[in-house]
Amino acid sequence: MSKILIIGTGPVAIQLANLCHLTTDKQIDMVGRASTSLKSKKLLQAYQRDKFFEVTTQNDAHKQMAGRFQINHLYADIQDVEGIYDTIIMACTADAYHSTLAQLSTAILEKVKHILLVSPTFGSQMIVAQYMANFNKDIEVISFSTYLGDTRCYDTEQPNHVVTTGVKSKLYVGSNRDHSATIAFLKDVFKQFYIVLKDMPTPLHAETRNSSLYVHPPLFMNDFSLKVIFEGAEIPVYIYKLFPEGPITMTLIHEMRLMWKEMMTILAKFSVPSVNLLEFMVKENYPVRPETLADGDVYKFEKLPAIHQEYLLYVRYTAILIDPFSDPDQHGRYFDFSAVPIKELYENEQGVVHIPRMPSEDYYRTSIIQHIGKLLGVKTPMIDTFMKRYEQYCQDYKKHNHNQQLSSQFNMNLFNDDKSLVEAFLDTKGKI
């Protein structure tokens with residue numbers, strides 16, 4: 001019997017393990033990081049206590065993704081993993097792909113046939129494929145555009161019980177192999193859960209179909225948001241609201257458009273089609289009422305003058321201040337869709353100060369994009385500005401908080417190993 005190794009033990013990993021359990025006859029192993037993460041340790045203890053994982057769904061429409069199940073083996077830490085696996089599913093954050101794989105034995109890496117990247121960033125497949133070339137030149141690396149929905153912990157005392165609150169109707173996927181039998185199989189699997197899996201020519205094509213790449217840096221790497229994240233706020237402020245309730249101003253929208261244009265220049269270097277940002281937002285993320293944005297404007301967005309593009313992007317953000325498809329209450333108020341608080345620095349269980357995933361993950365993603373641009377000779381002044389702002393806040397916090405124990409997120413010049421792998425990959429492919 002073939003075996004699957006899922007790297008990660010968070011809610012996403014548990015939901016994916018259940019889908020594997022429901023749709024394959026392969027043995028499923030999972031691995032966490034119990035020695036360095038209290039959450040992972042608690043999950044391990046909960047599974048050892050209850051002997052099962054459980055997935056429930058918020059909506060009946062997704063109930064086919066629910067279930068209670070056991071796996072073959074749950075490893076505490078990556079160094080403990082043994083055996084031969086034909087498939088590895090990376091259900092961890094993209095910045096951990098290389099460092100995690102590097103902790104697996106050569107014997108394991110030489111036998112793996114497929115690696116699936118669940119939540120990659122732009123360039124993740126380059127990093128993984130280049131690293132794996134040292135062990136297995138025939139490895140198939142598959143990138144999804146993003147995770148299939150929203151899954152979270154149901155109760156902190158029962159981390160082995162998770163709930164999926166939302167499911168996407170469409171995902172993009174790309175393999176570094178032509179006519180991939182794995183993707184053909186995955187399309188059939190996802191069809192069972194009413195998710196359309198669109199096959200893209202390469203993993204890079206799939207990795208471009210994640211709106212976070214284009215919108216998170218402007219939303220989180222501006223002075224308004226960074227000040228709240230690093231210094232706190234007396235009253236709550238919200239990431240998707242207009243100033244002064246949130247960071248969205250015409251300046252932020254202008255910067256969003258500039259970053260998107262820089263990204264499109266990078267895509268052109270790879271002969272990857274451009275992404276119509278407004279269409280992607282409106283048609284594949286959160287829809288708006290046709291009275292607010294006409295389809296004609298949405299579909300011709302890329303051909304419009306810059307100021308018209310910025311106007312339409314601003315209108316789009318005003319359109320989702322409330323959920324335009326919700327039912328108003330007796331006072332005429334719609335669901336407050338945009339009330340997503342900006343998270344501030346926090347201390348973990350060991351008293352170490354951490355930066356929230358947004359923007360720390362966005363810093364990683366943007367750093368890799370910036371490096372790819374540099375290697376290809378593409379100027380990225382807007383991306384450079386986002387990076388400098390974020391790094392300045394990290395440095396200022398370190399300077400003024402010597403007494404605190406800070407996570408490695410506060411260090412600069414990170415991700416050098418990943419950047420070197422990207423460079424080696426592009427050099428091998430003749431791009432630089």
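1. Some ground rules. Residues are numbered from 1 along each chain as its sequence is written, and side-chain values use heavy atoms, leaving out hydrogens and water. Because the model is predicted, local features need pLDDT of at least 70 and side-chain atom pairs count only at pLDDT 80 or more, while totals for chains, interfaces and linings use all residues.

2. Start with the sheet. It's an open one of eight strands with mixed pairing, in the order β5-β2-β1-β6-β7-β8-β11-β12. Strands here are DSSP runs of E, at least two residues, and helices are runs of H or I, at least four, numbered from the N terminus; two strands pair if DSSP finds at least two bridges between them. At the edges sit β5 (73-75) and β12 (196-200), each pairing on one side only.

3. Now look at β11 (residues 170-175). It runs parallel to β12, and the two share five bridges. In one of them, L171 has L197 of β12 as its bridge partner.

4. Next, a helix on the sheet. Helix α1 (residues 11-23) touches β1 (3-7), β2 (27-31) and β6 (87-90), where contact means heavy atoms within 4.5 Å. The direction of α1 makes about 170 degrees with that of β2; such angles run from 0 to 180 degrees between N-to-C directions, with axes fitted to C-alpha atoms, for helices over the stretch in contact.

5. Finally, a helix pair. Helix α10 (residues 250-269) and helix α15 (residues 381-400) pack at about 120 degrees, their axes 8 Å apart. Residues meeting there include L258 and M259 from α10 and I383 and F386 from α15.
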